[in-house]
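Please look through the structure shown here before reading on. The briefing that follows takes up the overall layout and then turns to one helix and its surroundings.

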Amino acid sequence: MKEIIQFKKGVLGLCVMVLINQRDRYGFELAQQISKHVEVAEGALYPVLRRMVADGHCTTYLQESTEGPPRKYYKLTPAGKAYMMELVSEWEKFVDGVQRLLEATGDGDQAQDNEDNGGEAVREEAEGNV
């Protein structure tokens, strides 16, 4: 389970940057958009946003809201856009490499088999019941 959490933490900044690159967004909106694709706790997002601002990849500004207090919007800086492009390129290489590895070792087929039978084969194998 720790690995899954680390996967999400590792790619969360990239997801945030891609969404902010489309248009300026506020924190809760980012959490909603990311959660449509990846299950992530809303609280995990704010440390990432603070780090992005501290690193100079984003700036913030307040904008009045008709639904409550002003909202803090995040905007990518030119340095943030360049960094996002670098991250996207590295992510694509990484995913491609992992996919090739899975296909070469046949583990991708095993993963599909595990999904098809609810993971029973993996549990039985791990428990020595195979």
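Read along its sequence, the protein in this predicted model follows the pattern α-β-α-α-β-β-α-α-α, and its secondary structure comes to six helices and three strands.

**The protein as a whole**
- Of the 130 residues in the protein, 23% are buried.
- The protein exposes about 9200 Å², of which carbon and sulfur atoms supply 54%.
- When contacts between residues at least 6 apart in sequence are considered, 46% of them join residues at least 24 apart.

**Helix 1: length and bend**
- Helix 1, which runs over residues 2-22 and has 21 residues, reaches 31 Å from its first C-alpha to its last, and this is close to the 30 Å expected at 1.5 Å a residue.
- Helix 1 also has a kink of about 35 degrees, which is centred on Val11.

**A nonpolar patch at the surface**
- Met1, Ile4, Ile5 and Phe7 make a nonpolar surface patch of about 460 Å².
- Met1 lies in the segment before helix 1, and Met1 counts as exposed because its relative accessible area is 70%, where exposed means over 50%.

Notes. Residues numbered from 1 in each chain as written. Predicted model: local features only at pLDDT ≥ 70, side-chain atom pairs only at ≥ 80, totals over all residues. Heavy atoms only, no water. Helix = DSSP H or I, 4+ residues; strand = E, 2+ residues; numbered from the N terminus. Expected span 1.5 Å × (residues − 1). Bend = angle between axes of the 7 residues up to and from the residue. Patch = residues over 30% accessible without salt bridge, like charges linked within 9 Å, V, L, I, M, F, W, Y side chains within 5 Å. Areas by Shrake-Rupley, 256 points an atom, 1.4 Å probe, with all protein chains shown as cover. Salt bridge = Lys/Arg side-chain N within 4 Å of Asp/Glu carboxyl O. Buried < 20%, exposed > 50% of the residue type's maximum accessible area, 1.4 Å probe, protein only. Contact = heavy atoms within 4.5 Å.
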